[in-house]
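This briefing is meant to be read with the model open alongside, moving topic by topic through the parts that can be checked by eye.

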Amino acid sequence: MTMRPANLLPSLRPFLRRSATRRRALITPIASRNYATQAPGNPIYQIFNRGTKWQQKDRAAENVERSRKVDYLKDEVAMRLAERLLDINRHFNHVLDLGANSCNIARALTLPSPFPEMNAPALSTRLSQLTAVDSSHALLHRDEDLPFNREINLTRRVLDEETTLPFEDESFDAVLSSLSMHWINDLPSQLAQINRVLKQDAPFIAAMFGGDTLYELRTSLQLADQERRGGVSTHVSPLADVRDMGGLLQKAGFKMLTVDVDDIIVDYPDTFALMQDLQQMGESNAVLSREKGPIQRDVLLANEGIYRELHGNEDGSLPATFRLIYMIGWKEGPNQSDPLPRGSGEINIKDILGGGDIRYYV
Amino acid sequence: MPGRTKPIEKFAQAVAKCTVESSAYGKCIVADYHSVHKDKCLTEFMRLKDCYVVSRNS
């Protein structure tokens, strides 16, 4: 009788409303707006297990005889890389070999010049000191006693090249790297570090596996996996593409970039020889998400037949493609030539080339 | 290590004696490799495996 709900409600409503607005004004900015935030720095993607890689390299190098036998690829690439040093006409005081494997670059530098008619001395005479860095002690020190060590001032240093490089800023006249950067997780940071330790106007010259390396093995293992087990597993590591490398180098601050590609095709008697050689090189799969343990026998058996049918040569051998990405980047320095600004050209290239109308072919 | 054949080498030697079966299996897969599914070439594979088992034990 005393309660009159019909009157009570309207009187309550403004009160409620006011309080709600006030509360919203006070609290909203803090409570109801959550933005996703990112931790400072670039996210680091872990693709490869560096520990596994180290173990593979160390184990491979323990069998010295076998390990030397499969150095054909690394020696060849180191030689091609060293040839690129020939083009740079200067003396290098201190050079860093990052990811040296078994010091293949040092060996290549001591070889006699590839142009005997020029009567040039070996490249090693143009270097005062070479520091070779690798994570595997066994592999790095494998060839310590060979004669080439006496022809070059070589210092070996065991450290995981993916961690922060313990060298001072601007301390090297050149940084070389042959066939090891394809196992680096954080390539942008690695390149930035290389740029840091280089002196001004000093080159970084590297070769790494890229893109379509071992595409034959990749495809045939995929088919074998699919048919035998009904799914695909990672057996061959993902690799950087040629197109990415230019961008990465540029991002790391390198100037005057050159990136080019070279295929080396090696013929093997069968897939087992190929896989054994890869293992002996210490280049087995080290992807984090890989299946642990050896590949199933059934899959290997299937793979042999598919590889031969799909890619085999007429003479019965099996080709394996190794695609190499070579790159040269220079650290910025004074007196370095820069490309001219866009649109600053004053000569019409049509006049030089002899004119003629431009025809469009559809 | 001299005098000792690695298991993978033994495996390779045994497989090398089954080229006919291996190539028949390969042909079956490659004939249409866009639509490979589990046990697509089961008969060919079992023939290959039988041959491998025989040559391994011989």
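This is a predicted model: local features need pLDDT of at least 70, side-chain atom pairs count only at pLDDT 80 or more; totals for chains, interfaces and linings use all residues.

Leaving aside its neighbours within four places in sequence, A:Ser124 is in contact with A:Leu109, A:Thr110, A:Glu151 and A:Ile152.

- A:Ser124 sits in the loop of chain A that lies between helix H5 (104-110) and strand S2.
- The relative accessible area of A:Ser124 is 7%, which places the residue under the 20% cut-off, so A:Ser124 counts as buried.
- A:Cys103 is likewise classed as buried, with a relative accessibility of 1%.

**The sheet of chain A and the helices on it**

- Chain A holds an open sheet of seven strands with mixed pairing, and the strands follow the order S3-S2-S1-S4-S5-S7-S6.
- Strand S3 (154-158) and strand S6 (254-268) of chain A form the edges, and because each has a single partner strand, one side of each is left without a neighbour in the sheet.
- From one strand to the next, the twist averages 15 degrees.
- Strand S2 (residues 127-134) of chain A runs parallel to S3(A) and is joined to S3(A) by five bridges; at A:Asp134, the bridge partner in S3(A) is A:Val158.
- Helix H4 (residues 72-86) of chain A lies across strand S1 (92-98), strand S4 (174-178), strand S5 (203-209), S6 and strand S7 (318-331) of chain A, and the helix runs at about 150 degrees to S6(A).
- Helix H9 (residues 242-251) of chain A also packs on the sheet, where it touches S5, S6 and S7 of chain A, and its direction makes about 150 degrees with that of S6(A).

**Disulfides**

- Over all chains, a search of the whole structure finds two disulfides, and when the bonded cysteines of chain B are numbered in sequence order, their pairing is 1-4, 2-3.
- One disulfide joins B:Cys18 to B:Cys51, with an S to S distance of 2.0 Å, and with -95 degrees about the S-S bond this link is left-handed.
- The pair links distant parts of chain B, 33 residues apart, since B:Cys18 lies in the loop between helix H1 (7-16) and helix H2 (19-30), while B:Cys51 lies in helix H3 (residues 42-57).
- B:Cys28 in helix H2 and B:Cys41 in the loop between H2 and H3 of chain B are 13 residues apart, and their bond links distant parts of the chain; B:Cys28 and B:Cys41 are both buried.

- Helix H11 (residues 297-311) of chain A packs with H3(B) at an angle of about 105 degrees, and their axes are 11 Å apart.
- Angles of 65 to 115 degrees count as roughly perpendicular, so H11(A) is roughly perpendicular to H3(B).
- In this contact, A:Arg297, A:Asp298, A:Leu301 and A:Ala302 of H11(A) meet B:Phe45, B:Leu48, B:Lys49 and B:Tyr52 of H3(B).
- By type, the residues of the contact of H11(A) with H3(B) divide into five nonpolar, no polar and three charged.

Conventions. Residues are numbered from 1 along each chain as its sequence is written. Chains are lettered from A and ligands numbered from 1 in the order in which they are written. Side-chain values use heavy atoms; hydrogens and water are left out. Two strands pair if DSSP finds at least two bridges between them. Helices (H or I, at least four residues) and strands (E, at least two) are DSSP runs, numbered from the N terminus. Axes are lines fitted to C-alpha atoms, for helices over the stretch in contact, and angles run from 0 to 180 degrees between N-to-C directions. Contact means heavy atoms within 4.5 Å. A disulfide is a pair of cysteine sulfur atoms within 2.5 Å. Buried means under 20% relative accessible area, exposed over 50%, partly exposed in between (1.4 Å probe, protein chains only). Angles under 35 degrees count as roughly parallel, over 145 as roughly antiparallel, 65 to 115 as roughly perpendicular and the rest as oblique. Ala, Val, Leu, Ile, Met, Phe, Trp, Tyr, Cys and Pro count as nonpolar, Asp, Glu, Lys and Arg as charged, and the others, Gly among them, as polar.
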